[in-house]
Amino acid sequence: AAELCGVAFPPASADEHFRVLSDPACLANVFFDVRGRASVALLREDGLSIGCAQVVPCAVRKEASSNNIGKPVLWVQCLCVTPTSRRTGAARSLMAWAEREASSAAEASGVSDAEIWLAVQEANNAARSLYEGLGFTNDEGGLRLGHAVMRKSVPAAAAVTGDPRGPAASFDLVAAETPGTGPPLDKAIQEAAPAGLVGGVALFG
């Protein structure tokens with residue numbers, strides 16, 4: 001996954017992306033504050049890695065949205081697909097996985113829904129069109145630091161039987177919203193699920 005990100009998101013190296021994929025809190029993010037353990041998915045086809053994505057439990061910062069400061073959400077980042085696998089549904093498969101993580105987090109938290117957020121560079125029209133087609137909307141309209149910050153609400157649903165879940169799927173949205181009344185957030189996050197396959201998506205915690 002880090003190698004894919006190194007190619008898709010220069011000038012950062014694969015080693016730098018490995019650090020972020022392993023621990024999103026290792027580098028400050030202008031749009032969110034990390035609040036739990038992230039999940040990473042690696043999409044494979046015919047034995048080759050063709051795409052990846054990361055879901056990060058977090059709290060929204062004012063730089064992302066002045067109306068939702070501190071809101072607990074699941075943030076999608078590091079989503080990329082190899083050039084030869086674009087326009088094949090690979091990115092949609094990764095986003096479907098991200099929505100399952102968020103849906104499971106809502107179910108685990110006992111709330112009706114969870115929100116997925118992401119940021120898209122202004123010039124990346126293809127990505128914006130993809131996310132709009134999946135039901136994402138621009139949070140406050142316009143751009144935030146050269147990015148369109150987009151969001152989507154995902155209803156709660158129990159995880160499919162036998163479907164491995166990453167640690168982000170157990171993000172306690174309620175405890176994150178009212179940290180004074182719940183356990184420490186690091187205690188509210190379950191241990192990562194063992195690596196497995198989700199419809200061709202390898203999941204790593």
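The face of H4 turned away from its buried side carries Asn125 and Gly133, both exposed; exposed means over 50% relative accessible area, buried under 20% and partly exposed in between, using a 1.4 Å probe and protein chains only. Keep in mind that this is a predicted model, where local features need pLDDT of at least 70, side-chain atom pairs count only at pLDDT 80 or more, and totals for chains, interfaces and linings use all residues. Residues are numbered from 1 along each chain as its sequence is written, and side-chain values use heavy atoms, with hydrogens and water left out.

**Helix H4**
- Helices (H or I, at least four residues) and strands (E, at least two) are DSSP runs, numbered from the N terminus.
- Which residues of H4 are buried? They are Ala127, Leu130 and Tyr131.
- Looking down the axis of H4, you'd find its buried residues within an arc of 90°, so they line one face of the helix; the arc is that of the directions from the helix axis to the C-beta atoms.
- An α-helix has 3.6 residues a turn, so residues three or four places apart point the same way.
- The cover over the buried residues of H4 includes S4, H3, S5 and S7.
- After H4 comes Gly135, with a positive phi near 100°.

**The cores**
- A nonpolar core is a set of buried Ala, Val, Leu, Ile, Met, Phe, Trp, Tyr and Cys residues joined through side-chain atoms within 4.5 Å.
- The largest one here has 34 residues, and Leu74, Met95, Tyr131 and Phe136 are among those with the most contacts inside it.
- Elements giving two or more residues to this core include strand S4 (72-81), helix H3 (90-109) and helix H4 (125-133).
- H3 supplies the largest share of this core, 9 residues.
- Not counting residues up to four places away in sequence, Tyr131 touches Leu79, Met95, Leu118, Val120, Phe136 and Met150; contact means heavy atoms within 4.5 Å.

**Ala119**
- Ala119 sits in strand S5 and is partly exposed, at a relative accessible area of 27%.
- Ala119 and Met150 are 31 residues apart along the chain, yet 6.1 Å separates their C-alpha atoms.

**How confident is the model?**
- The protein averages a pLDDT (the predictor's confidence in each residue, from 0 to 100) of 77, and 70% of the residues score at least 70.
- Among the elements, S7 has the highest mean pLDDT (93), while strand S8 (residues 196-198) has the lowest (33).
- Go carefully with residues 180-205, where pLDDT stays under 50.
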